[in-house]
Amino acid sequence: MSFEKFIKQELTGWMVAKGEHSDIVLSTRIRLARNLQSYLFPICASEEDAKRVNESVDQAVATMEEHHFAGTSMSDLSPLERQILVEKHLVSPQLIDPDKYGSVLLSEDETISIMVNEEDHIRIQCIYPGFQIDTAYEQANQVDSEIERNLDYAFDETFGYLTSCPSNTGTGMRASVMMHLPALTITKQIERIIPAISRLGMVVRGSYGEGSEALGNIYQISNQTTLGKSEEEILKDLDNISKRLIAHEKKSREILLAKSQVHLENRLYRSLGTITHARILPSAEAARCLSDVRLGIDLGIIENLDMAILNELMIFMQPGFLQQYAGTELTSDQRDVFRAKLFRDRLGIECTQAPGNNSEKS
Amino acid sequence: MLCENCKERPATVVFKQETMNGTTERHLCDKCAFYSQTFSFSPDQEPLSIQQFLAHWLGGSELLQGQKSNETFPDGPKCPSCGLTFHRFLDIGKFGCATCYDTFREQLPRVFAKLHNGNTNHGGKVPVSFNERFALKKQLEDIRTKMKEAVEAERFEEAAILRDEANTVKQQLADGGDDQHVI
């Protein structure tokens, strides 16, 4: 199986808008951090060590019967190709650090990715569309158990799975749910919810990682602690909190609609207007408008628009994908113009303007 | 050159950071550089910037006080495998290898308690191979106890059989398991 398809194929498994609560939950992800007993952790490993870890993991994965994986080292990919894997959430931003010796093994359907020599020797990630905590964990757990048959994991009776970062020690598991919470954001309730959730051992952040504000009203809820509780307990807590957030978001949408329907419609249709007619579309504005239109579809206000296209645009609007789609490198300004054109094309609005060079400076 | 963080704006600031492997250099734009200083930006994706968290909150204070009086180890215990000292661990917030956990075993419960809501012991999945090894080790111990009893009671034939059994189990322990020799 060639690795090229993972780069070329734009849509990946988790983007299909399926699965339970797919109107609010975009994807569910489980990540397990594992290390090999007899090698230094990647943070102080030599290139030789890293290569040997790579070979051991490759061999262990090759013997797995149920899944077939295709692998590549990050150094064999161009910076743009690496960027695309990050934007598809198939590898972490940390893995693509050119000074390190990271590599990745991907399952055919892209739901399982095994990152090698990231912060830990092995990071197993399973990502599913919609709200599927148990399915995602079962899959990750099964891959973990299979790998473990062939490799000696660093494990301690007291501390559990030994990881490079003490915040992962124990289960080594980070379970996260990506949610679209526009109504909680518009009504500013999210500001009170975030601190409350963090008291329950969970953490909420913007979808683009630490410190980032929630671009497009998309939040990631994940467990903060990994030591003490079992995997099942952690998943159950995450499940409970996610379900409460979903219920809360739904309630807020109803209230919003009941109290200020015209204002809400005005906002959502303006956003629809923007993404179907704008000539320059910066990423923050694009994310905000996509969020509005998505809400419009969920509420039945905006019709005749396929949610799958919105999901696709969410991914396409990112810098790496835009440049791949354009087939050339683009400056930030050029990207905003190209993004606007892409949105118009995909949303089926014919561009009736005189044909011009789209990469022209704006 | 584009900013490494946002990949949108041109990089105008070089951001240097000390890590375990030396200095890392990041090229950032004004905006990202501003945030990186204000909010202790960290390139990894942990929910918390653990380095900052450990270094500023735990480091230098109570956790090292025990060691400070000990002049032979001004930096706390040092890992024989990767060379990381406890002091350095608090600085960078990362372990260098699995042996670090053994080296810092006494200090770790306090670190973990702060990071994991007071929890210090693992309560989740255990690798099957680890369970098997654990069972074999236990079996080996049992055989040895019996063997010792047999020797003390001068039942040497029985002891010899037990010794053979112990050797078989020991071979099953692929990693050698134990550094003690069977008689």
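I started at β4(A), where A:Ile112, A:Ile114 and A:Val116 point one way and A:Ser113 and A:Met115 the other, and all are buried. My cut-off for buried is under 20% relative accessible area, with exposed over 50% and partly exposed in between (1.4 Å probe, protein chains only). Strands are DSSP runs of E with at least two residues, helices are H or I with at least four, and both are numbered from the N terminus.

Housekeeping: this is a predicted model, where local features need pLDDT of at least 70 and side-chain atom pairs count only at pLDDT 80 or more, while totals for chains, interfaces and linings use all residues. Residues are numbered from 1 along each chain as its sequence is written, chains are lettered from A, and side-chain values use heavy atoms, without hydrogens and water.

Back to β4(A), residues 112-116: five of the five are buried, so the strand is largely enclosed by the rest of the structure.

Next I looked up its neighbours, counting two strands as paired if DSSP finds at least two bridges between them. β3(A), residues 103-107, pairs antiparallel with β4(A) over four bridges, and A:Leu106 stands opposite A:Ser113. Four residues sit between these strands in the hairpin, where A:Glu110 has a positive phi near 65°.

On to β5(A), residues 122-129: this strand runs antiparallel to β4(A), joined by five bridges. A:Ile122 is the bridge partner of A:Val116. That hairpin has five residues between the strands, and A:Asn117 takes a positive phi near 60°.

Last, I zoomed out. Chain A has twelve helices and ten strands, and 58% of its 362 residues count as buried.
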